[in-house]
Amino acid sequence: MISGFHPDPSICRVGETYYLACSSFEYAPGVPIFRSQDLVTWTLVGHALSRPSQLRVADAAPSGGIYAPTLRHHDGRFWMITTNVSDGPGHLLVTADDPAGPWSEPVRIEGAGGIDPDIAWDDEGRCLITWCDAGLRQAELDPTTGALLTEPRLVWEGTGGAHVEGPHLYRVGDLWYLLAAEGGTAAGHMETIARGPSPSGPWEPCPTNPVLSARSTPAPVQSTGHADLVERPDGSWAMVFLAVRPRGYFPSWHVLGRETYAVEIEWRDGWPVPTTPIEPDEIAPAREHLGDELGGEWVGAHVFPDEVLRPAGDGTWLLTAAAGGRSFVGRRQEHTRMVAHARLDANGGTGGLELRLDPTHAVTLEVSGSTVRAIARVGSLTSVLGEAPLDEDALLEIEVRRSPFGVFSYQRGPDEVVARVESAAGRRELGRLDGRYLSTEVAAGFTGRMVGLVAESGEVVVRSFEYRGHDDPDDL
């Protein structure tokens with residue numbers, strides 16, 4: 001499992017090692033790349049789109065930018081193809097010898113529209129691109145130039161579910177298999193599959209489709225789908241897929257975004273069947289500090305972090321408002337329980353510590369001069385929850401904790417967000433907000449919560465930042 005806002009997983013294996021890519025939407029760098037030896041423990045090794053020349057998201061709206069990637073290893077190289085919906089037309093293809101990078105400059109594929117491109121090679125070595133555009137379409141591709149060598153043609157429309165997307169093409173034995181997501185990535189999400197004699201069909205749908213779905217079940221993990229298959233060295237198979245963890249009273253809300261999960265696969269009568277979940281015994285707690293260098297988990301909204309955040313000496317950092325206004329840099333909330341701390345000097349501007357789903361669904365401890373205010377934004381509503389004087393050593397704190405309401409209370413949200421400040425006068429709560437207002441069900445979109453630092457205007461000195469997270473077993 002890769003917890004917190006890591007959707008649309010795509011996986012490949014080289015030898016004994018697995019590599020996985022996820023979508024990243026408006027955040028830069030884009031397309032995080034993970035490595036694992038066991039499909040349980042994953043380590044972030046880099047990003048496929050790590051430079052402004054590869055990734056333009058300055059004009060991306062929330063949930064714009066980079067959509068679902070496909071990651072493959074072929075002919076000794078890694079290949080990653082994706083769509084930047086905010087920088088079209090067409091898809092982007094990059095390659096690398098090492099998945100940690102550096103990755104090449106993108107080859108733009110302008111002849112194919114839509115989203116969710118897949119890349120595969122047939123028995124003659126021809127490169128095929130399959131993508132979603134009012135059904136699943138396919139063409140032969142010149143991967144060096146991005147030119148389509150054949151006219152796109154519709155190859156499958158799925159089994160009747162809405163929004164057929166996320167295609168992946170495989171050769172297994174004598175047959176080709178086409179895996180696809182249907183039903184949208186909310187409660188109706190499902191994964192379907194078909195097989196045929198060639199990469200373009202004709203396709204025979206699996207008689208027990210969908211092969212994966214949690215719809216209409218009491219499972220704590222829901223919206224399962226958008227999957228990819230991988231074969232282990234011993235010939236067994238596994239599947240990775242996205243899912244969410246809704247919590248709270250009916251209808252419940254998910255706040256961490258769409259996460260990556262895995263499951264064992266058995267082949268029965270020539271079809272893949274999910275069996276046992278592949279998961280850690282527990283999600284390890286985390287405690288991370290902003291040190292002398294930014295960790296790989298740090299990203300910026302519409303901007304690369306190092307464009308607005310730079311070292312200022314003595315362990316401090318200087319965060320500057322972007323040319324178009326507000327800057328946000330931070331990391332994903334990856335645990336159901338979280339505390340973030342920061343010490344800031346805002347004598348040269350206005351900024352703060354922020355937990356957000358997007359710019360208009362956020363709780364911010366905003367510092368300006370010698371005052372700190374807790375501000376809640378829920379769509380068009382902005383509310384000052386409280387304010388206090390701020391001394392030089394004041395510590396800002398945002399905590400995500402269990403909802404205070406009982407299991408059967410209609411007031412019980414997924415969690416509660418509490419904003420505090422600790423200064424020479426003591427520790428003071430400035431306000432709290434029901435976590436449902438920082439959920440996908442309220443804000444809409446495809447991302448999850450982020451926590452980090454914001455500059456509203458001018459420059460803000462960041463003296464420290466810490467993230468601590470753990471999962472509450474009662475929530476799982």
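Predicted model: local features only at pLDDT ≥ 70, side-chain atom pairs only at ≥ 80, totals over all residues.
**Stop 1: a four-stranded sheet**

Begin by selecting β19 to β22. These four strands make up an open sheet, ordered β19-β20-β21-β22, with antiparallel pairing. At its edges lie β19 (222-231) and β22 (271-278), each of which pairs on one side only. From one strand to the next, the twist averages 35 degrees.

**Stop 2**

Select Trp237 and Trp267. Their rings form an edge-to-face aromatic pair, with 5.4 Å from centre to centre and 75 degrees between the planes. Trp237 belongs to strand β20 (residues 237-244) and Trp267 to strand β21 (residues 259-268), so this pair ties together parts that are 30 residues apart in sequence. Is each of the two buried or partly exposed? Trp237 is buried, with a relative accessible area of 9%, whereas Trp267 is partly exposed at 26%.

Next, select Glu264 and Arg232, whose side chains meet in a salt bridge of 2.8 Å, N to O. Because Glu264 lies in strand β21 and Arg232 in the loop between β19 and β20, the contact ties together parts that are 32 residues apart in sequence. Glu264 is partly exposed, at 24% relative accessibility, while Arg232 is buried, at 14%.

**Stop 3: contacts across the sequence**

Select Asp471 and Arg245, which form a salt bridge of 2.8 Å, N to O. Asp471 is in the segment after β36 and Arg245 in the loop between β20 and β21, so the pair ties together parts that are 226 residues apart in sequence. Both Asp471 and Arg245 are buried.

Proceed to Trp298 and Phe465. This aromatic pair is edge-to-face, at 5.2 Å centre to centre and with 75 degrees between the planes. Trp298 is located in the loop between β23 (286-289) and β24 (299-301), and Phe465 in strand β36 (residues 450-470), so parts that are 167 residues apart in sequence are tied together. Trp298 is buried at 5% relative accessibility, and Phe465 is buried at 3%.

**Stop 4: Arg51 and Glu105**

Select Arg51 and Glu105. The closest N and O atoms of this salt bridge are 2.7 Å apart. Arg51 is found in the loop between β5 (43-49) and β6 (70-74), and Glu105 in the loop between β8 (91-96) and β9 (107-109), so the pair ties together parts that are 54 residues apart in sequence. Arg51 is partly exposed, with a relative accessible area of 25%; Glu105 is also partly exposed, with 39%.

**Stop 5: residues 325-457**

Select residues 325-457. The unreviewed UniProt entry places here the feature "domain: Beta-xylosidase C-terminal Concanavalin A-like". Over this stretch the chain is 3% helix and 62% strand, and its end C-alpha atoms are 7 Å apart. Then show Arg326, Glu354, Arg356, Arg377 and Glu456, which a network of salt bridges links. Arg356 also lies over the face of Phe328, at 4.3 Å from the ring centre. For another such contact, select Arg331: its charged end sits over the ring of Tyr467, 3.8 Å from the centre.

**Stop 6: an aromatic cluster**

Finally, select Phe5, Phe25, Tyr27, Tyr67 and Phe446, which form one aromatic cluster. How many salt bridges does a search of the whole structure find? The search finds 36.

Terms used. Residues numbered from 1 in each chain as written. Heavy atoms only, no water. Phe/Tyr/Trp six-rings, centres within 6.5 Å; stacked < 30°, edge-to-face > 60°. Helix = DSSP H or I, 4+ residues; strand = E, 2+ residues; numbered from the N terminus. Buried < 20%, exposed > 50% of the residue type's maximum accessible area, 1.4 Å probe, protein only. Lys NZ or Arg CZ within 6 Å of the ring centre and 35° of its normal. Pairing = 2+ DSSP bridges. Axes fitted to C-alpha atoms, helices over the stretch in contact; angles between N-to-C directions. UniProt positions renumbered as here; feature names shortened; annotations may be inferred. Salt bridge = Lys/Arg side-chain N within 4 Å of Asp/Glu carboxyl O.
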